[in-house]
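Subject: Structure handover

Hello,

Here is the structure for your files. My notes on what was found in it follow below.

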Amino acid sequence: MSKWYNTKGKNSDVVVASKIRLARNAAKMPFPCRMSNEARKSLCKKIYASIQNSEFAGEFDYIELNSLDDASKTALYEKGYISKELLSQNSYGALLLSKDESYDVMLCEEDHIRLVVRGEGEDLSAVYEKADRLDNVLIKSMRIAFDENLGFLTSNPMHLGTGMKASFILHLPAIDYRGMISALTAMVNKLGFSIKPLFDSDGSFFELSNSISLGITEKSAVENLTAICDQIVFQERKLRKELIEYSDFEDKIFRALGTLKMARKLTTKEFYQLISLARLGVEFEDFDLTYEKTGEMMHSLGTASIISSADGQLDREDAYRIRAQYIRDNL
């Protein structure tokens with residue numbers, strides 16, 4: 001089964017993925033921070049039952065987070081399926097994860113429901129349509145907290161209105177290499193958007209998101225963010241052409257691929273830095289790599305993901321060696 005992270009989409013050279021997150025809360029119920037574990041569990045089961053009695057029946061696995069070991073929870077966090085708050089909280093919380101991993105629904109995190117949908121490349125409209133389908137199921141099956149003036153009610157006032165955060169995951173090695181990320185950040189902030197690094201700033205991967213959810217429709221938010229993304233894609237491609245003309249930078253890209261093919265141990269920091277450079281080289285016709293392959297490796301080779309796949313019987317050094325071996329075998 002093809003999944004969002006190993007499928008090539010529109011503008012995949014720059015746009016790794018599109019993402020929509022919707023925050024929703026059950027009406028006339030306290031926010032999760034004021035709920036007992038019994039109440040949390042009851043609500044989580046009710047939400048899951050609503051989905052199971054809909055067109056989405058059988059598409060989701062129900063994961064009780066307090067039943068997982070630390071490595072398994074951290075692996076879900078690495079892949080973006082749970083937040084740092086759900087990772088660290090001791091209270092009851094759950095995750096609904098679709099079989100194809102395009103949907104994940106965090107239950108009893110900061111809000112009762114955090115519905116997230118992902119898709120390959122730059123196609124935020126299609127991702128929003130998928131999110132809206134599941135959102136409509138929830139709205140029809142249970143009373144959702146909503147105010148005619150404020151929109152959807154959320155625990156964080158910054159998310160009032162649509163309760164929606166739309167995002168693009170971007171690969172911007174040329175803009176980053178030229179030292180232009182700070183200027184780009186300042187520019188998009190003025191327009192009501194934000195851009196933040198992924199992977200603790202290792203590699204040139206960034207998340208572009210809307211910062212405003214009140215007083216704007218979901219459709220407008222999607223259209224505005226897509227317009228900004230298109231401008232960034234244009235600028236990144238322009239700078240890449242200039243960079244690749246330099247033989248020294250071309251050599252740097254091929255050295256990165258060579259290291260990935262030959263290394264016997266790769267730390268997380270090294271991996272993201274090398275995969276960022278190597279991903280840039282996919283544009284070369286004789287480069288032995290694809291966007292689909294880099295997406296698969298970025299998603300699957302986090303340290304906690306490797307450790308959890310062996311039931312926690314490995315340590316970090318083991319994970320570094322297994323990561324390097326996996327990449328050698330696949331390249």
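Nonpolar core

The largest nonpolar core has 102 residues, and those with the most contacts inside it are Ile20, Leu172 and Leu208. A nonpolar core here is a set of buried Ala, Val, Leu, Ile, Met, Phe, Trp, Tyr and Cys residues joined through side-chain atoms within 4.5 Å. Buried means under 20% relative accessible area, exposed over 50%, and partly exposed in between (1.4 Å probe, protein chains only). Helix α7 (residues 218–244) supplies the largest share of this core, nine residues. Leucine 172 touches Val14, Ile181, Leu184, Ile195, Ser204, Phe206, Ile232 and Glu236, not counting residues up to four places away in sequence; contact means heavy atoms within 4.5 Å.

This is a predicted model, in which local features need pLDDT of at least 70 and side-chain atom pairs count only at pLDDT 80 or more, while totals for chains, interfaces and linings use all residues. Residues are numbered from 1 along each chain as its sequence is written, and side-chain values use heavy atoms, with hydrogens and water left out.

Sheet

An open sheet of eight strands has the order β2-β3-β4-β5-β1-β8-β10-β9, with antiparallel pairing. At its edges stand β2 (60–64) and β9 (193–197), each with a single partner strand, so one side of each has no neighbour in the sheet. The twist averages 20 degrees from one strand to the next, with axes taken as lines fitted to C-alpha atoms (for helices over the stretch in contact) and angles running from 0 to 180 degrees between N-to-C directions. Helices (H or I, at least four residues) and strands (E, at least two) are DSSP runs numbered from the N terminus, and two strands pair if DSSP finds at least two bridges between them.

β2 pairs with strand β3 (residues 94–98) in the antiparallel sense over five bridges; glutamate 64 has alanine 94 in β3 as its bridge partner. β3 and β4 form a hairpin with four residues between them, and glutamate 101 in the turn has a positive phi of about 65 degrees.

Is strand β4 (residues 103–107) enclosed or open? Five of its five residues are buried, so β4 is largely enclosed by the rest of the structure. Tyr103, Val105 and Leu107 cover one side, with Asp104 and Met106 on the other. β4 also pairs with strand β5 (residues 113–120), antiparallel and over five bridges, where aspartate 104 stands opposite valine 116. The hairpin of β4 and β5 has five residues between the strands, and cysteine 108 in the turn has a positive phi of about 60 degrees.

Helix α4

Helix α4 (residues 124–141) has 18 residues and reaches 26 Å from its first C-alpha to its last, close to the 26 Å expected at 1.5 Å a residue. The expected span is 1.5 Å times one less than the number of residues. Its buried residues are Leu124, Val127, Tyr128, Ala131, Leu134, Asp135, Val137 and Leu138.

Positive phi

Asparagine 11, not a glycine, has a positive phi of about 55 degrees. Asparagine 11 lies in the segment before β1 (15–24) and is buried, with a relative accessible area of 18%. Lysine 28, also not a glycine, has a positive phi of about 55 degrees. Lysine 28 lies in the loop between β1 and α1 (37–52) and counts as exposed at 76% relative accessibility.

Regards
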